[in-house]
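Biologist: Please take a close look at one helix for me. I would like to know how it is built and what surrounds it. Then place it in the wider picture.

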Amino acid sequence: MTQTPVQRPGEDGTTETAEIPAVGTHRADLGPDATTVLPPVPPGTPDDELDGDDADGLAEADEEFRPRRAGWLGRGIVWALLAWLVLAYPVNVFSPFDVGVADVDIASRAVIFAIGGLSLNVLLGYAGQISLGHQAFVGLGAFTSAFIVTNLQLSFWFAVVAAAVLGAVQAVLLGLVSLRLTGLYFALVTLAYGAFAEQTLFGISALTGGEGGKPAPRPVGFESGYSYYYLCLGFLVLVLWLDWRLTRSKAGRALAALRENPRVASSYGINVRSYILVAFAVSGIFAGIAGSLTAHHDEIIVGSSFDFRLALLFVLMTVVGGLRNRVGVVIGSAFFALLEEGAFVEIVESVVTALGFAPHFFQNVLGLPGEFVSLVLGPILLLLTLTLYPGGIGQQVAPVRGWLTGGRFDRHAGEVKEVEVTDVRA
Amino acid sequence: MSVLEVEDLSIHFGGIKALQGVNLRAGEWEIVGIIGPNGAGKTTLFNCITGFYSPTAGSVRYRDKDVTRLPVHERTALGMGRTFQNVGLVKNASVSENLATAQHLQVSYDPWAGIAGAPSTFAEERRVAERSELILHLLDLADVAGERVADLPYGVLKRVEIATVLATDPDVLLLDEPGSGMGPEEAHALGDTLLSLRKEFGLTIVMIDHHVPLVTRVSDYVYCLNFGEVLAEGGPDEVRRHPEVVRAYLGEEPEEVLAG
């Protein structure tokens, strides 16, 4: 067979374009075999238009799906757009828009919220333990980091590690309570813990600066909003890695088992109590990192900014994002950050105004001041999630995600089929 | 030396005496059957042996070690593996995920190394997957490896459950009604499986079942429980013909019924 030059064009120094006529001739010669060889037709040739995903989707429904070149091209473009949106757009690279420092700060906030959301996801999603005091987890990390940098004059890198460690310690202490109390009673304890931290811990002036706030300068090299954004992204990547490995290793499996059925988990030899504490520790580490980044993001922090509303926001973004769904939680957190910072309202209003409605749509037409939009929209989204999409945003983006990773676009991908677990009679 | 020895075990829930002075012994390589009517205390006995309940009085010894007060997961680590009456599996996970979870104690790395993603953990994860595959193959379950547990029929789940117990690397198997929901032929096949498992893994098996033909075929020794007490014990045929056992199951002796 003379397929070799077809499969590897440009192998012997000739350019790819020089091979194209040869492809055409070979195809005619090869007959039925030609389809299996799949010659590398460069994009733009008429063949491409026939190679849509839908066409072969019907033909080979049962065979393993492989996207054609056009399919890969489409996926590549979407990937590139996503990469641009995350990596380049906020810092004005290859961008027709002008993103100011205030805007990139919102983007950094979105990344920090994503870390916070992943932190709560470990507890609520993996271990099935509710926390209504997550603002205290984050706040403790924030004040630890600010104190170390401002009062002890140590480096940010030391401070973020200390914040993570202290976050883990306080989470484990709370976790010890959860071993005694379950369900609603433990939720109340976390609620009380959050309120206690806000009113008491964060009010100790010597440590937190009291009402005046605590300064938390940004680390050397990351003073500008643009470079700080990349610092936050770097930490998000680290947290995503840890979270991914958690779910793919023995600790994650142990948590999945004990969340659903502690009896079965213990019969597998899993020490249920200590793995619940592992979940608290991991959540505390993530929250500590998020707190440290929050502190140096705001550059001055006050105790009152870590109030119950923040805890509620964490629960909202984790559940609306989709419990146990890493991508969903990240998107959900970013969305709620935009909502919280008013960026969402601004975007919607500018679109609505462009469509010919009165300016300040929420205020003037709906009678809802912009700063309350997140308070109203959050619970609505929560209800919609619980009733229509139990898998949250993670479920909604699952078809796109499957498509992006080289699968078919399946509308039903990601549908959550959690079963009610009847207690094993033991 | 006996593998498992239950001595004078009693457990009371308030005024209910669920078990009363039960003695049970399982020797190396033995298959011990436990029969008895509903509510006789069979599962409660298992719960005391495996650590889900702490007995009011008496002791559980495993290879001459007193384990009466040990928590469940430590008994699993010693080599006790058990199944549950209504399928003890993680229902929202796939069969192979359950097998991986059940290998918890065989996984060599520290949980924190796993979370950090240390390079050695990747190799160990591959070994875990291979072991799962091997066990599933052994029990003819290779074709359901990717299926979610909640989507599988009951009879298959009973076998999957045995596979997961094997994955915990047990020394003694405590099976709570492994044959429930199975027809006579399936139960017969299950008996063959149990006999071959004993041979291949050198297991001691204690099983509760209502399938009297299954129990009498595979067991070396049978206990019959009623109202929390051992009603009769001995060889399978001896127990089956024991007048007290017949009375417990049928209410009266068959002769009397016929005579009346």
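Modeller: Chain A has 21 helices and 2 strands. Keep in mind that this is a predicted model. Of the 426 residues in chain A, 41% are buried. Take the contacts in chain A between residues at least 6 apart in sequence: 71% of them join residues at least 24 apart.

The helix to look at is α21 of chain A, residues 392–404. Start with its length. It has 13 residues, and at 1.5 Å a residue these should span 18 Å. The end C-alpha atoms are 19 Å apart, so the two values agree. The helix is kinked, however. A bend of about 50° lies at A:A398, shortly before the proline A:P399. After the helix comes A:G406, which has a positive phi, near 95°.

Now the buried part. In α21(A), the residues A:G392, A:I393, A:G394, A:V397 and A:A398 are buried. What do the buried residues of α21(A) pack against? The partners are three helices of chain A: α16 (308–321), α17 (326–340) and α20 (373–387).

One residue shows this well. A:I393 is found in helix α21 of chain A. Why is A:I393 called buried? Because 24 other C-beta atoms lie within 10 Å, and the cut-off for a buried residue is 20 or more. Leave out residues up to four places away in sequence, and A:I393 touches A:V320, A:G321, A:G322, A:G328, A:I331 and A:G332. A:V327 makes the sequence gap plain. A:I393 and A:V327 are 66 residues apart in sequence, yet their C-alpha atoms are 8.4 Å apart in space.

The 15 residues should span 21 Å at 1.5 Å a residue, and the end C-alpha atoms of α17(A) are 21 Å apart, which agrees. Just after α17(A), A:G342 takes a positive phi of about 85°.

Helix α8 (residues 134–150) packs with helix α10 (residues 183–199) at an angle of about 35°, and their axes are 7 Å apart. The crossing of α8(A) and α10(A) is left-handed. On the α8(A) side the contact uses A:Q135, A:A136, A:G139 and A:L140; these meet A:Y193, A:G194, A:A197 and A:E198 of α10(A). By class, the residues of this contact are 4 nonpolar, 3 polar and 1 charged.

α8(A) also packs with helix α9 (residues 156–178) of chain A. Here the angle is about 145°, with the axes 8 Å apart. This crossing is right-handed. Among the residues in the contact are A:F137, A:L140 and A:T144 of α8(A), and A:F156, A:A163 and A:L166 of α9(A). The contact of α8(A) with α9(A) has 12 nonpolar residues, 5 polar and no charged.

Last, the neighbouring chain. Chain B places 34 residues in contact with 31 residues of chain A. On the chain B side, the elements that give two or more residues are α1 (42–50), α2 (72–78), α3 (95–102), α4 (111–116) and α5 (119–138). That side of chain B has 15 nonpolar, 15 polar and 4 charged residues.

How values were computed: Residues numbered from 1 in each chain as written. Chains lettered and ligands numbered in written order. Predicted model: local features only at pLDDT ≥ 70, side-chain atom pairs only at ≥ 80, totals over all residues. Helix = DSSP H or I, 4+ residues; strand = E, 2+ residues; numbered from the N terminus. Expected span 1.5 Å × (residues − 1). Bend = angle between axes of the 7 residues up to and from the residue. Buried ≥ 20, exposed ≤ 12 C-beta atoms within 10 Å, placed from the backbone. Contact = placed C-beta atoms within 7 Å. Nonpolar A, V, L, I, M, F, W, Y, C, P; charged D, E, K, R; others polar. Axes fitted to C-alpha atoms, helices over the stretch in contact; angles between N-to-C directions. Left-handed = near helix turned anticlockwise from the far one by under 90°.
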